[in-house]
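Work through the exercises below with the sequence and the model open. Each task is followed by a solution in steps.

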Amino acid sequence: MKTESRLEKVLASGALAVTSEVGPPRGCGVDIVKEKANMIKDYVDGINITDNQTAMVRMSSIAGGVIVKQMGLDPIIQMVARDRNRLAMQADIIGAYSLGINTMLCLSGDHPKFGDHPNAKAVYDVDSVNMIDMVKNMREESKFQGGADIKIPPKMFIGAAANPFADPFELRVMRLAKKVAAGVDFIQTQCIFNLDKFETWMEGVCERGLDEKVSILAGITPMKSVGMARYMKNKVPGMDVPDEVIKRLEGVPKEKQPEEGIKMAVEQIERLKECKGVAGFHIMAIEWEERVHEIVEGAGLYPRPQV
Amino acid sequence: MENFEPEIVAFCCHYCAYTAADMAGSKRISYPSNVKIIRVPCTGKVDAIHLMKALEKGADGVYVAGCLEGDCHFKNGNLRAKARVARVQKFLEDLGWETERVAMLNMSAGMGEHFAKTAREFTEKIKTLGPNPVKEVKTASKAV
Amino acid sequence: MITAEQKPIQEIIGYIAPYDKILLVGCNECVTVCAAGGRKEVGLLASALHLNSLKQGKTIDIKEITLERQCDPEYVEELVSYIGEVDAVVSMACGCGVQTIAGRYKAPVFPAVNTKFMGASKSQGIWEERCQGCGDCMLGITGGICPVARCSKSLLNGPCGGTSNGQCEIGPDTDCAWRLIWERLVALGIQDRYEELNAAKDWRPGGGAGPRKIIREDLI
């Protein structure tokens, strides 16, 4: 094992891993974080805490992660390249590790234009690939990015995101290869609705042997309504929602659409269990955390393994 | 001011508007003598500074009259003029001047009636706006 | 060139309100090319300022002059014959020019344009940002497209996951720089270059070590 991360242990055991996420509050107080974490805790191997998602200020991922850790659970913190320079990143990483956090995701971060502080100066001192390389060297070489030694190095299990659906498509396997070469341990993909395209991407990934070097968790988001499906199709960058998904939800009366969405999520998981290279699932059900258990149970992934 | 007779400058392109003005003249269709015509080879020759200077020197209203869109003898000179008139209107707006003091008109060479009609309409419009503020200052102090 | 856009006229009027005699200085280089502060624009701004004063029943004295450029002391020196006769200077040059004038003369100097970016003409009337002066040009390895200036996130190992139809997530009018880089690498037959990891940037040559200077000993 490279780290103490529960996620690493589950993946190493050969079992399919499950992670989900909690969006921290836009204000102070620990209760919301605890409430959401409690809804999903028995159904996941790790809980992502997002980092100023869509460039809107929220309680920091590390603060949320510490709350989750204090509950005896397994936080996965996220760090975006947008808001911190390499000094702040490394300081936060050694701080987070010292507080018991051992798993983190390295991300570029949505552009500030989308958020509540479009007038801020975006940092982007290093990009997500540089960040992966940096965290790996902190762990393996006990060195800061500037070259100096780290007294007690942080042993972080390193994750990143992948979007098989953004264009150009032919680049997407190569970009994953870059992250793997930089040292990433696990990937959580963007939410998948176009399973054919995802499977094509996975074929490319496996052809290059990348599935042996990195654990890929397929992103699953249950649709609450046909309105949500249309919004995601048309308004969210890098999202691929096929017409069949919209049609299926349209064919069901409004009150039944959430059920249908959950059902579709479970079907996606069942199909992707058979897909070579898929090592687990990352369930993103923002503001719908109470239904995560249904998806995990429905897909036969409950209870979570003892490791 | 009663009996205010505006001074209007009209930049007219040789191929259309000027010819239309000529036609109005030869057909004895009268148009206000307030309108002083300046003939240009194409309205594309008229630049923003010409319009601004006309106003600076006391013109109460300025318009640019060119060929119908799509028929400019020099392809798109009248479109350039249109864009420049719009730019000057924006300056005037930012300065708190009435944007109606400048305008872009289009007509064909045979539209003598139209030339006279638009000349009349523009003159009436400027009458309602009142004289160019420059005039008051000119009488009070030395010329710009 | 360095691009600029004229400031809102009310802002300029605000700066010169206390003054009666203005020296309005244009520049024959970059701001002429992007139609913001050359001879023509000096004429237009002077005319606009006159119209403004006249509307308020006043006159204003404006001397119009356009220098070859305002970022060299030799040219700025030409203003010495006029500076004694004015209360204030309004410069239509980029920030470099305004500061050169302010450094040479005692009179108050005001900018008439907002300096924007280093860019190139896409076609008549359209200029786009191309360079951010990072001081360590990597165009040789990115097929001639700059990821620092043209990627909204300055990613050195892009693209991010937000590309949509080849355009940046910030909007459909912005090309995804990494999509452009990829297309160039493919066109040049060097797409394997894409997988080479570009290390985290050293921002010192790009201004990270403070205001920059170049000294050429052989030219001093």
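**Exercise 1.** Find how many salt bridges the rule gives across the interface of chain C and chain A, and state which side chains meet.

Solution. Step 1: apply the rule, a side-chain nitrogen of Lys or Arg within 4 Å of a carboxyl oxygen of Asp or Glu. Step 2: across the interface of chain C and chain A this gives 1 salt bridge. Step 3: Arg208(A) and Glu195(C) form a salt bridge through their side chains, at 2.4 Å from N to O.

The model is predicted: local features need pLDDT of at least 70, side-chain atom pairs count only at pLDDT 80 or more, and totals for chains, interfaces and linings use all residues. Residues are numbered from 1 along each chain as its sequence is written, chains are lettered from A in the order in which they are written, and side-chain values use heavy atoms, without hydrogens and water.

**Exercise 2.** Describe the interface of chain C and chain A by its contacts and its buried area.

Solution. Step 1: count contacts (heavy atoms within 4.5 Å); 28 residues of chain C touch 29 residues of chain A in this sense. Step 2: take the buried area, the accessible area (1.4 Å probe) that two parts lose on being put together, summed over both. The two chains bury about 2500 Å², with 54% of it on carbon and sulfur atoms. Step 3: on the chain C side, Lys153(C), Trp182(C) and Glu195(C) lose the most area to chain A, together 23% of what that side buries.
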